[in-house]
Amino acid sequence: MKGLLYALLFMMVFSPPAAAGRTAEVETLLKTKIDKVLHILNDKKLDKAVKDDLILELVNPVFDFQLIGKLSLGKKNWSRLPAERREEYYDLFTKKLQRSYLRKLDLYNGEDMIYDSPVEKGKKVHIATYLDLKENKMEIVYKFYESPKGWLIYDLEIAGVSTVTTEKSQFDGLLRDGTIDDLMAELRKKGDFSEDEEKK
């Protein structure tokens, strides 16, 4: 009996809590991805189009674009979206979000990335990152949840503003007097990478 108590005490003292394991896992995942992204951004031999493709190839697997898209549309507007048009919506929304993320990275100019400690939010984990830019400090909080596929990002908070909240507000305004076709047209325009190419 005494041996069992000692064993339990040993496990309590020396075994890391599950929460610590989760936050460490997410922290390692995010730092690994961002380190590789910064390596690509710092490679002067690559042009922007190639950098963008390599970055998206790296980060796409950790973004749950479908969940972000669904949360951004909201329950009411989601019910208005015909089932046969949901794949179209997901595709256009994904391109819009990808383009927005890449344009934020355009501000990068060799600065070091700073990480806050991971914060547990129930079953979710949030990690704040900072870039000390010349004009200001850019903060991006990556919000993860654990899916059957592993840890995935369900929202980004940029300069204190949630991507999901911002998109939902815009979509609500657009659909208040507009149609699903108006929504698709707006997404198509905002996710058009060719505009970035023309500005070079």
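The axes of helix α5 (residues 86-105) and helix α6 (residues 163-177) come within 13 Å and cross at roughly 125°; axes here are lines fitted to C-alpha atoms, for helices over the stretch in contact, and angles run from 0 to 180 degrees between N-to-C directions. The model is predicted: local features need pLDDT of at least 70 and side-chain atom pairs count only at pLDDT 80 or more, while totals for chains, interfaces and linings use all residues. Residues are numbered from 1 along each chain as its sequence is written, and side-chain values use heavy atoms, with hydrogens and water left out.

At that angle α5 and α6 are oblique to each other, because angles under 35 degrees count as roughly parallel, over 145 as roughly antiparallel, 65 to 115 as roughly perpendicular and the rest as oblique. Y89, F93, K96 and L97 of α5 meet T163, E167, Q170 and F171 of α6, where contact means heavy atoms within 4.5 Å. By class, this contact of α5 with α6 has 4 nonpolar, 2 polar and 2 charged residues. In this scheme Ala, Val, Leu, Ile, Met, Phe, Trp, Tyr, Cys and Pro count as nonpolar, Asp, Glu, Lys and Arg as charged, and the others, Gly among them, as polar.

Helix α4 (residues 65-80) also crosses α5, at roughly 120°, and the two axes come within 9 Å. That makes α4 oblique to α5. F65, Q66, I68, G69, K70, S72, L73 and W78 in α4 meet R86, E87, Y89, Y90, F93, T94, L97 and Q98 in α5. The residues of this contact divide into 8 nonpolar, 5 polar and 3 charged.

A nonpolar core is a set of buried Ala, Val, Leu, Ile, Met, Phe, Trp, Tyr and Cys residues joined through side-chain atoms within 4.5 Å; buried means under 20% relative accessible area, exposed over 50%, partly exposed in between (1.4 Å probe, protein chains only). Of the 47 residues in this core, I55, V59, F63, L73, Y89 and Y142 touch the most other members. Beyond its neighbours within four places in sequence, Y142 is in contact with L30, I34, Y101, V125, H126, I127, T129, I153, D155 and L156.

Over the whole protein there are 8 helices and 6 strands, taken as DSSP runs (helices H or I, at least four residues; strands E, at least two) numbered from the N terminus. Along the sequence they follow the pattern α-α-α-α-α-β-β-β-β-β-β-α-α-α. Of the 200 residues, 39% count as buried.
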